[in-house]
Amino acid sequence: MKILILTAATGGGHIRAAVAIEKYLHDNCPGIEVKVEDALKTIGSVLDKTICDGYHFLATKAPKMFGKLYEHTNQESHFANLVPKLSGMFRRRLMPMIEAFQPDVIITTHPFVTEMISYLKEEGKLDALLLCVMTDYGPHKTWLSSRVDAYIVSNEDMAQDMVQLMGVPKEKVYPFGIPVHDVFFEKGDKQAILRELGLDENKATILVMAGSFGVNNILAMFREMTSLPQDFQLIIITGRNQKLYQAFEEEIKTSPKPCHLVFFTNEVEKYMKAADLLVTKPGGLTISEALACNIPLAVFDAIPGQEEDNANFLMNHGMAVRIPKGEGCAATIQELLENREKLIQMKESCERFDKSRSIPNMLDLINRLLQEKGEA
C-alpha cells in the first residue's frame, strides 16, 4: 500500500500532524510506503509564500480581521465559495508528483489541499481514497469537500456538529483525535526530568510556551506570575523566537522564581511531562500534545476563529482555564495554585480524553475502506 500525506505550512500544526502519521507508519507498518509532501511548495514558491505569509500576517498583526474572514468563510456566501475555487485553480500542478508516487490513499491535513484533491477526484484525474485530518477542535466549512471519503476529527462534539449542522454524512466522520507522536502518550518520570533540568522535584512546575509565532505580552505575563507569593518554578520554551529568548535570558537573572529556559526543542513532550500546568496559546496540535501528556492548560491570546473554538472545547470539558484578555494572568494562575483539587480534576479530565489510538484507528479505517472498494 502507498500512502501520500499532503500538508501545508500555514502554522506548524498541519505539518506536525502529517509527520506524526508518517513516523507511526514507518515504525509500525513495514508493508506501507509513505511519503509527506508540502502541497503548496510543490505547486510553487509564489503561492506558498503568499498563503503562508498572508496567514502569518493576519493571525499575528490583524487577528480581528482574521476572525471576520474565518466567520464569513464558514457561511454560505459568494466569498465563502470563492475560497475553494481559488484552491481548485492550482490543483493540476500537483498531478506530476501524485502520478510519480501512485498512491492508493491520500491523507490531507490542510483544507486548501483537501479541496484540490477533491477537485482532481471529481475530474477523474485520480481514484485514491481521500482522508481529511482536521487539525482543530471545531468544524469549519473550508475543510469540507465533496469527494472526501472520511474525515478524521478531534472529538465527538465536533463530529456531531458536522453531521447535524453541516450535513456531512455520519458514516464519513470519525472522532479518532488529531494525530500526535507516540512519545506524547508514553509515561514519563517527572521527578527524574526535573532533576535533569536542575529543578526541584517537589515544587509545582508551570510550563510556558510562547506559540509558533511568539507572543508580545509574554514577558508581562511572566513578570505577573513570578510576583505571586506561591512557591513554584517555571520552564519557558520560546520556540525559534530569538528576540524573546534573549529577553528571557536577561529577565530570569533577577526572577524570584527558579526558571529553566529552552529555545527551540524537539523534546516538547519531556517538558510537558515535567509540568503541572501548561500556559500557552490554544493551537490545535499544541493542545493535542498536552492532552496526550495529561497536562491541564491555561490558555491565552486565542486568535479569533479556530483557536477560539479550541479554547471553548477545552473549557467546556474541564481541561483548561482561560486567561482573560487585558486583565493579566496572575489571578487565574494563583487560583489554580491555591486550588489543587481543581487542578487535579482538570488533569483527570485530560486523562479521560484518550486519543492514543488515533493513527491505528485511522489505519484500520483505511484497510476497511480499501476492502469495500475492492483493492485490499
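Guide: Rings of Phe, Tyr and Trp count as a pair if their centres lie within 6.5 Å. The model before us is predicted, and it holds 6 aromatic pairs.

Visitor: How is a pair of aromatic rings described?

Guide: A pair of aromatic rings is described by the distance of the centres and the angle of the planes. Here, Phe222 and Phe248 lie 5.1 Å apart, centre to centre, with 90° between the planes, which is an edge-to-face arrangement. The pair links distant parts of the chain: Phe222 belongs to helix H10 (residues 218-226) and Phe248 to helix H11 (residues 242-251), 26 residues apart. Both Phe222 and Phe248 are buried.

Visitor: What geometry do Tyr245 and Phe263 show as an aromatic pair?

Guide: Tyr245 and Phe263 are also edge-to-face, with 5.4 Å centre to centre and 70° between the planes. Tyr245 lies in helix H11, whereas Phe263 lies in the loop between strand S9 (259-262) and helix H12 (268-274), so the pair ties together parts that are 18 residues apart in sequence.

Visitor: Is Tyr245 buried or exposed? And why is Phe263 classed as partly exposed?

Guide: Buried means under 20% relative accessible area, and partly exposed lies between that value and 50%. Tyr245 is buried because its relative accessible area is 18%. Phe263 has a relative accessible area of 29%, and is therefore partly exposed.

Visitor: Which residues form one aromatic cluster, and which charged residue sits over the ring of Phe101?

Guide: The cluster is formed by Tyr137, Phe313 and Phe353. The charged end of Lys2 sits over the ring of Phe101, 5.4 Å from its centre. In another such case, Arg240 lies over the face of Phe264, at 3.7 Å from the ring centre.

Visitor: Let us turn to the cores. Which residues touch the most other members of the largest nonpolar core?

Guide: In soluble globular proteins, nonpolar side chains tend to be buried together. The largest nonpolar core here has 36 residues, and those touching the most other members are Leu207, Ile235, Met272, Leu278, Leu291, Leu297 and Leu314. Elements giving two or more residues to this core include strand S7 (204-209), strand S8 (232-237) and helix H13 (284-292). H13 gives the most, with 5 residues.

Visitor: What does Leu278 touch?

Guide: Leaving aside residues up to four places away in sequence, the contacts of Leu278 include Leu207, Met209, Met272, Ile295 and Leu297.

Note on methods
Residues are numbered from 1 along each chain as its sequence is written. This is a predicted model: local features need pLDDT of at least 70, side-chain atom pairs count only at pLDDT 80 or more; totals for chains, interfaces and linings use all residues. Side-chain values use heavy atoms; hydrogens and water are left out. Rings of Phe, Tyr and Trp (its six-membered ring) pair if their centres lie within 6.5 Å; planes under 30 degrees apart count as stacked, over 60 as edge-to-face and the rest as tilted. Helices (H or I, at least four residues) and strands (E, at least two) are DSSP runs, numbered from the N terminus. Buried means under 20% relative accessible area, exposed over 50%, partly exposed in between (1.4 Å probe, protein chains only). A charge sits over a ring if NZ of Lys or CZ of Arg is within 6 Å of the ring centre and within 35 degrees of the ring normal. A nonpolar core is a set of buried Ala, Val, Leu, Ile, Met, Phe, Trp, Tyr and Cys residues joined through side-chain atoms within 4.5 Å. Contact means heavy atoms within 4.5 Å.
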